Amino acid sequence: MSEPRAAPAAPVSAPAKVDVAAKLALIVEHWRPKVIAELNGQEVKLAKFAGDFVWHRHEHADELFLGVAGSFRVEFRDRSETIGPGQLIVVPRGVEHRTVADQEAAALIFEPAATRNTGDVVDARLTAPNGARV
Ligand code: NI
């Protein structure tokens with residue numbers, strides 16, 4: 001015997017799709033992630049990389065990088081992974097890492113809202129404001 005279906009939830013405003021390429025075209029600065037979507041307390045951010053980022057760790061957040069354009073490395077102290085479009089890596093919380101892009105690259109980043117991009121480090125040049133949208 002099946003249960004009757006629950007009544008549909010009260011309607012919420014239907015979300016519009018997000019065009020990642022169009023958002024990417026609006027980003028001019030490197031290392032300044034921009035929020036393009038939010039869900040379940042997480043943010044989806046889009047960022048352009050060029051050069052070397054600072055070594056850092058996130059004590060309480062796993063961090064996912066999905067390659068969007070170009071390729072970049074996610075470096076760990078003992079090894080690195082090269083990430084291209086359509087490839088992703090999850091950096092576990094507490095693990096020291098940095099991103100390096102020999103040529104400009106772009107990535108989607110998934111992590112809890114308000115995660116500082118430089119983790120446990122504050123860097124005058126690289127630490128970006130949280131919550132910036134594009
Ligand atoms: Ni990080």
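Predicted model: local features only at pLDDT ≥ 70, side-chain atom pairs only at ≥ 80, totals over all residues.

Me: What does N40 do in the hairpin of β1 and β2?

Reply: A hairpin is read by looking at the residues between its strands, of which there are 2 here, and N40 takes a positive phi near 50°.

Me: How many bridges join β2 to β7?

Reply: Strand pairs are read by their bridges and their direction; β2 and β7 run antiparallel and are joined by 10 bridges, with Q42 standing opposite P112 in β7.

Me: Which residues have the most contacts inside the largest nonpolar core?

Reply: A nonpolar core is a set of buried nonpolar residues joined through their C-beta atoms. The largest one here has 18 residues, and those with the most contacts inside it are A47, F49, F72, A105, A106 and A107. At least two residues of this core come from each of β2, β3, β4 and β7, while β7 supplies the largest share, 6 residues. If you select A105 and set aside its neighbours within four places in sequence, you will find it in contact with F49, A69, G70, S71 and F72.

Me: And how should I read the whole chain?

Reply: Count the elements in order: the protein has 1 helix and 7 strands, running α-β-β-β-β-β-β-β from the N terminus. Of its 134 residues, 25% count as buried.

Technical notes
Residues numbered from 1 in each chain as written. Helix = DSSP H or I, 4+ residues; strand = E, 2+ residues; numbered from the N terminus. Buried ≥ 20, exposed ≤ 12 C-beta atoms within 10 Å, placed from the backbone. Core = buried A, V, L, I, M, F, W, Y, C linked by C-beta atoms within 7 Å. Contact = placed C-beta atoms within 7 Å. Pairing = 2+ DSSP bridges.
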